[in-house]
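The following paragraphs guide the reader through a protein structure. Please look at the sequence and the fold together before reading on.

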Amino acid sequence: MPMQPIKGLDDIMSGAVTERFAAAMQSALKNICDVNTSAKAKRKITLTLTIAPNEKRLAADFTLDVKTNLAPPIPISTTMAINRDDDGRVSAMELLDQLPGQVNMEGQTTPTPRVLKFGGEK
């Protein structure tokens, strides 16, 4: 079996350590750029290299584990108007900052909110 001296992380597992780190780093950077996450939240990449030598200490099994701790999505909220009709059916409609059909300063028209209907007792 050919042997190669280990001079750095690229020499272990045919470069898999570096590849796995690069993938974890890409995930962390993508998470940082996601506007749905906190800009100030810390992200963490943990590389664990476990070395299990054999009884005679002539060889060892290496196991790599890579974990990322990324920022979760920021909670979002809205306010809903809730209504119950005469038949007991409940509906909800999101309250918007502007009236439906009104044009804002950017020239965008406020859409009509969807009405969520729920069944009720008759």
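Asn 31 is situated in helix 1, which spans residues 16-33; helices (H or I, at least four residues) and strands (E, at least two) are DSSP runs, numbered from the N terminus. Asn 31 counts as buried because its relative accessibility is 11%, where buried means under 20% relative accessible area, exposed over 50%, and partly exposed in between (1.4 Å probe, protein chains only). Leaving out residues up to four places away in sequence, Asn 31 touches Thr 37, Arg 43, Leu 70 and Ala 71, contact being defined as heavy atoms within 4.5 Å.

The model is predicted, and local features need pLDDT of at least 70, side-chain atom pairs count only at pLDDT 80 or more, and totals for chains, interfaces and linings use all residues. Residues are numbered from 1 along each chain as its sequence is written, and side-chain values use heavy atoms, with hydrogens and water left out.

Of its 122 residues, 13% count as buried. The average pLDDT (the predictor's confidence in each residue, from 0 to 100) is 87, and 84% of the residues score at least 70. Confidence is highest in strand 1 (residues 44-53), with a mean of 97, and lowest in strand 5 (residues 115-118), with a mean of 66. Where pLDDT is low, the predicted coordinates should not be read in detail.

Asp 65 belongs to strand 2, residues 60-69. With a relative accessible area of 34%, Asp 65 is partly exposed. Beyond its neighbours within four places in sequence, Asp 65 is in contact with Thr 46, Leu 47 and Thr 48. Asp 65 and Leu 47 are 18 residues apart along the chain, yet 5.9 Å separates their C-alpha atoms.

Which strands form a hairpin with five residues between them? Strand 3 and strand 4 do, and Gly 88 in the turn has a positive phi of about 90°. Strand 3 (residues 80-84) and strand 4 (residues 90-94) pair in the antiparallel sense over five bridges; two strands pair if DSSP finds at least two bridges between them. Within this pairing, Arg 84 stands opposite Val 90.
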